[in-house]
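This report goes through one protein model, from its surface to its overall architecture. Please keep the sequence and the structure in view while reading.

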Amino acid sequence: LRLHLSRPPARGQPLFFAINGLRVDTAAITDSHSAWLLVVNICIAAVAKAGSTVLVSMFYGMPVREGLSLGILLNTKGLIEMIVLHIGLDKKILDRQSFSVMVLMSLAFTALVMPLVTVVYKSARHFVSYKHRTIQRSKPDTELWMLACVHTTRNVPSIINLLEVSHPSKRSPIFVYRVTMVDH
């Protein structure tokens, strides 16, 4: 009995993962050299994704631990990757061996994400500098930026009251950016 899904059902995700799991043939991984090359390529791609995420996060002033955690989280594989592998096997783009190795690597990456994030991230949240950017901790001579969302004219008086209470001055101005919300 062979189950065949032309396209995975939206509500049957556990069934779809089970079917893909049943299609994995570990006995097809006989050529260790090609399987090893595939594993190395996938690992290089994972390291490149995590590394580029760390570089971008450092550029924007995020702590390295948070950037690395985000890069590790980006390496999780999910439904879309399984769909692509499933279609690749059905269309004969992937052979049984490549499909099996890629599904097993996907499973390994997804299983390793939680322990790796736990080890890397730890309790770095206490030292995050952007958590201290509040009105109470701001210096008196710095500018204050506000985003005011206006849906109806009833919202305007409360925004004006907030601006008056903030006591803007030339030394510590308030910059207000207005967003008008429109119903269609």
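**A nonpolar surface patch**

Strand 2 supplies the largest share of the nonpolar patch, namely three residues, where strands (E, at least two residues) and helices (H or I, at least four) are DSSP runs numbered from the N terminus. The patch covers about 540 Å² and is made by Trp145, Leu147, Phe175, Tyr177 and Val179. Patches are made of residues with over 30% relative accessible area and no salt bridge, like charges being joined within 9 Å and nonpolar side chains (Val, Leu, Ile, Met, Phe, Trp, Tyr) within 5 Å. Strand 1 (144-150) and strand 2 (174-180) each contribute at least two residues to the patch.

Phe175 is found in strand 2 and is partly exposed, with a relative accessible area of 36%; here buried means under 20%, exposed over 50%, and partly exposed in between (1.4 Å probe, protein chains only).

**Basis of the model**

The model is predicted, so that local features need pLDDT of at least 70 and side-chain atom pairs count only at pLDDT 80 or more, whereas totals for chains, interfaces and linings use all residues. Residues are numbered from 1 along each chain as its sequence is written, and side-chain values use heavy atoms, with hydrogens and water left out.

**Overall architecture**

The secondary structure of the protein comes to six helices and two strands, and from the N terminus on the elements run α-α-α-α-α-β-α-β. Buried residues make up 27% of the 184 residues. Among contacts (heavy atoms within 4.5 Å) between residues at least 6 apart in sequence, 72% join residues at least 24 apart.

**Annotated transmembrane regions**

An unreviewed UniProt entry places the feature "transmembrane region" at residues 35-60, 67-87 and 99-121; UniProt positions are given in the numbering used here, feature names are shortened, and annotations may be inferred rather than shown by experiment. In the model, residues 35-60 are 96% helix and 0% strand, with end C-alpha atoms 38 Å apart, while residues 67-87 are 76% helix and 0% strand, with end C-alpha atoms 33 Å apart.

**The salt bridge**

A search of the whole structure finds one salt bridge, defined as a side-chain nitrogen of Lys or Arg within 4 Å of a carboxyl oxygen of Asp or Glu. The side chains of Arg23 and Asp90 meet in a salt bridge, at 2.7 Å from N to O. This pair links distant parts of the chain, with Arg23 in helix 1 (residues 13-23) and Asp90 in helix 4 (residues 79-90), 67 residues apart. Arg23 counts as buried at 10% relative accessibility, whereas Asp90, at 22%, counts as partly exposed.

Technical notes
Accessible areas come from the Shrake-Rupley method with a 1.4 Å probe; for residues, only the protein chains shown count as cover.
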